[in-house]
Amino acid sequence: MDVHRRIVVDGRDRHLLRGVNGSVTPGRVVTLVGPSGAGKSTLLSLCNLLQTPDEGAVFVWGWEVRQWPVRELRRRVGLVMQQPVMLPGTVADNLAAAARLHAEAEPDNRGLLRLVGLPAELLARPAGALSGGEKQRIALLRTLANRPEILLLDEATSALDRESAAVVEELVLRRVRDEGLTVLWVTHDLALARRVGDETWLVVDGRVVEQRPTAAFFDDPQSEWARRLVRGHLAPAEGGEGT
Amino acid sequence: MSLWSLALTLAFVAAAMLLSVWRRLGLEKDMVIAAVRATVQLLLIGYVLKFIFHVDHAALTAAMVLVMSCVAADNASRRGNGLAGRFCRVWLAIAASEIATQGFLLAAHVVPSKPAYIIPISGMIIGNAMVASALFLNRLRAEAQARRDEMLVLLSLGATPIQASGAVVKAAVKSSMIPTIDSTKTMGLVQLPGMMTGQILAGADPIQAVRYQLLIVFALMASAAITTLVLGFLTYPRLFNEYHQPAV
């Protein structure tokens, strides 16, 4: 990809991404780190066409995203959003949403819940009444039920306790190992980024200021921004203009 | 009613103006303009209708209904800011409800095929469809904005625009039909409908007037449903851009 994305706020051009350039190897996990508002979520949205770049192009398996049939692209490039929005209805309705949209057989909902350590009794509960952590896991399962080949995770474990987050981590990594899933994982949790990433990109103020193999990124950061991040001296709101 | 009796009713306008002056509402000018406009418009339409009823030609009747539907579509489409091509879509929805309901009444010989019946009944159907369309457009935008996150989730799972906007359109259709349903529920208890009142004042048998009013009430319910459903079908694509991203 090589993209620019801007929006107009109060009559002024506000750059969400400025000349982001990079590529992801299939079957690898890329962790995206950086301050809040740096443009990480925008970057994910460009990959499944929920947003379009103002300049540049995003290629998925050699095809620019705007050349893909939209439904096919979004089915194969799944996004788990930062806010775990529940669809109206029960947990079962949410887990079956993708299958119903594509007129396919409904998934094994009980088996899905087991994957993230949630009890089957939850299936009949109204999804809107769940806790933040439960919603986050249901949102992940809802996307996984669509069998994506690329998974875009936007702070997908931010509301989970350590134990639940580890279960989700293991689930995603197992899909990577067993099914060759490719993952772009936005996180503020540097320990998580280090644990799960094959490669890490640091996004600051709409630019990727450093992209290296994860071990090298954390052990031997090259840019001043990366050094400050690794030392814990980069404030969460610093260097952020986009979303 | 004689012209003298009609002139006496201007006392109501004068009373309203005096109240406005007394309470310093500053509405006197608007009241005069409103009274003059209503008088001119109604007298004009009275002479136009007299001419059309006298000529009794299908083309003239159709032209009158066409003008009414265009004015109604223009008025209702002002409510849908941000949705391109509103006028044509609203006009098609109003025309669909007029053709379906009036067509049924004529085909089943419920009302005679005379301009004196077709035009007033069309006026009521089109007027009701206009209100339903305006409410629908107003509600559609609000619902699309309120349910934007829900639509994004559905789109991200590969939903088509019609799937992603299904709940939004349904909610807009329901809320735009509520006034018609509510006024039907309270008819005769809270208000005596205009047409029935007019017929009774003109000396018609109240039972006969009630029958005609029920005909209109049922036609209006169908008209609101047809208008909003057709309008929903015609406008939902405008909630998205070519990449199936929310556009409102």
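Analyst: Domain bounds come from an automatic or database domain assignment. The model is predicted.

User: Into which domains is chain B divided?

Analyst: Domain 1 of chain B covers 1-55, and domain 2 covers 56-239. Taken over C-alpha atoms, the centres of domain 1 and domain 2 of chain B are 28 Å apart. Each side gives 8 residues to the contact: 8 from domain 1 of chain B and 8 from domain 2 of chain B.

User: How is the size of an interface often given?

Analyst: As the accessible area that is lost when the parts come together. Here, domain 1 and domain 2 of chain B bury about 640 Å² between them. Carbon and sulfur atoms account for 83% of that area.

User: Which three residues of domain 1 of chain B supply more of its buried area than any other three?

Analyst: They are B:Ile52, B:Phe53 and B:Val55, with 76% of the area that domain 1 of chain B buries against domain 2 of chain B.

User: What describes two packed helices?

Analyst: The angle between their axes and the distance between the axes. In chain B, helix α6 (residues 115-146) packs against helix α11 (residues 206-235) at an angle of about 40°, with the axes 8 Å apart. α6(B) and α11(B) are therefore oblique to each other. The crossing of α6(B) past α11(B) is right-handed.

User: Which residues make the contact?

Analyst: On α6(B) they include B:Met124, B:Asn128 and B:Phe136. On α11(B) they include B:Leu215, B:Ser223 and B:Thr227. By class, the contact of α6(B) with α11(B) has 16 nonpolar, 7 polar and no charged residues.

Note on methods
Residues numbered from 1 in each chain as written. Chains lettered and ligands numbered in written order. Predicted model: local features only at pLDDT ≥ 70, side-chain atom pairs only at ≥ 80, totals over all residues. Heavy atoms only, no water. Axes fitted to C-alpha atoms, helices over the stretch in contact; angles between N-to-C directions. Helix = DSSP H or I, 4+ residues; strand = E, 2+ residues; numbered from the N terminus. Parallel < 35°, antiparallel > 145°, perpendicular 65-115°, else oblique. Left-handed = near helix turned anticlockwise from the far one by under 90°. Contact = heavy atoms within 4.5 Å. Nonpolar A, V, L, I, M, F, W, Y, C, P; charged D, E, K, R; others polar. Buried area = accessible area lost by both parts, 1.4 Å probe.
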